[in-house]
Amino acid sequence: MEDVEVIVADNDSTDGSVEMLHQDFPNIRTTVLDRNYGFADGYNRALENVESEYYLLLNSDVEIRQKEWVKPMLEYMDKHPQTGACQPKLLSLKHPDEFEYAGGAGGFIDKYGYPFCRGRIFNVVEKDKGQYDDTVPLLWATGAALFVRAEDYWDAGGLDGRFFAHMEEIDLCWRIRTLGKSVVCIPQSTAYHLGGATLGKENPRKTFLNFRNNLLMLYKNLPEKDLHTVMRTKYWLDMLAAFVFLLKGETGNFKAVWRARKEFEQIQKDFADDRARNLSRSKTGHVPERKSYSILWQFYIKGHKTFKDLNPA
């Protein structure tokens, strides 16, 4: 597409990426950061210098096989000005007939903040049989390939750089959603994600970031009437998760959960202003894409392993 510009943001890499770009792709604009600011603030710093109606945040471990794959998302956003962000259907690079863990056909959270997708609930990943080829309201779109209106990105405050990585796109999309804009998946566009290229699923650093950032996200965005009940319940659910890690012999992940809880308690006060601002600007008292049920109960007790099981036609 003629009206698309490719910009590569380099987060202080040491593998010769910048030199390769300058040599092999001299026409591609590069933004070289002075240190690794993480996924979240790395994008913020790169996008500050980009003037465009839309941004497409694309991870380096995403492969595109579809010509003009941006076009369906662009056309949808042009026709629906109340949509703040969208994503393509995200499939697995290793298993192209399956959805990818990090986004599937778009995401939701349950009442306690656990994220899940159309096409993936916990570690159960479905094959793509066209069962989610409709466009429906979501709570969040994947950060691996996030197409977002620039005005809405900055109006919502951008990605929270303090998250560093993980949960930051859910936090951003939640804020966009409460400002009255919608988030959707455009299944006519597809992308293939390797997943876990930076941190594997069992890496204690990833466990720490996921647990800490989940608490920060909930604290920043939960309505006042839900905050105390959810956070009390979340404490016991986190303790249960830590105990499960210990039983499995994953002592690194066990310690990561405890460190996440401790750091959250230490830095929670630093996010009080963010919470107050988010609640004061909210235009939606209830976000239906934050589901009223517990996905843990639905998955482990009721045996609902797919999104279709949760939401039968």
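Visitor: Why is C185 called buried?

Guide: Buried means under 20% relative accessible area, exposed over 50%, and partly exposed in between (1.4 Å probe, protein chains only). C185 has 0% relative accessibility, so C185 counts as buried. This is a predicted model, in which local features need pLDDT of at least 70 and side-chain atom pairs count only at pLDDT 80 or more, while totals for chains, interfaces and linings use all residues. Residues are numbered from 1 along each chain as its sequence is written, and side-chain values use heavy atoms, with hydrogens and water left out.

Visitor: What makes K127 and E98 a salt bridge?

Guide: A salt bridge is a side-chain nitrogen of Lys or Arg within 4 Å of a carboxyl oxygen of Asp or Glu. The closest N and O atoms of K127 and E98 are 3.9 Å apart, so the pair falls within the limit. The pair links distant parts of the chain, 29 residues apart: K127 is in the loop between β9 (124-125) and β10 (145-149), and E98 in the loop between β5 (83-92) and β6 (107-109). The strands are DSSP runs (E, at least two residues), as helices are (H or I, at least four), numbered from the N terminus.

Visitor: Which label, buried or exposed, goes to each of K225 and D226?

Guide: The side chains of K225 and D226 meet in a salt bridge at 3.2 Å, N to O. K225 is exposed because its relative accessible area is 66%, whereas D226 is buried because its value is 16%.

Visitor: What makes K248 and E250 a salt bridge?

Guide: Their side chains meet at 3.6 Å, N to O, so the pair is within the limit. K248, at 52% relative accessibility, counts as exposed. By this rule the count comes to 24 salt bridges.
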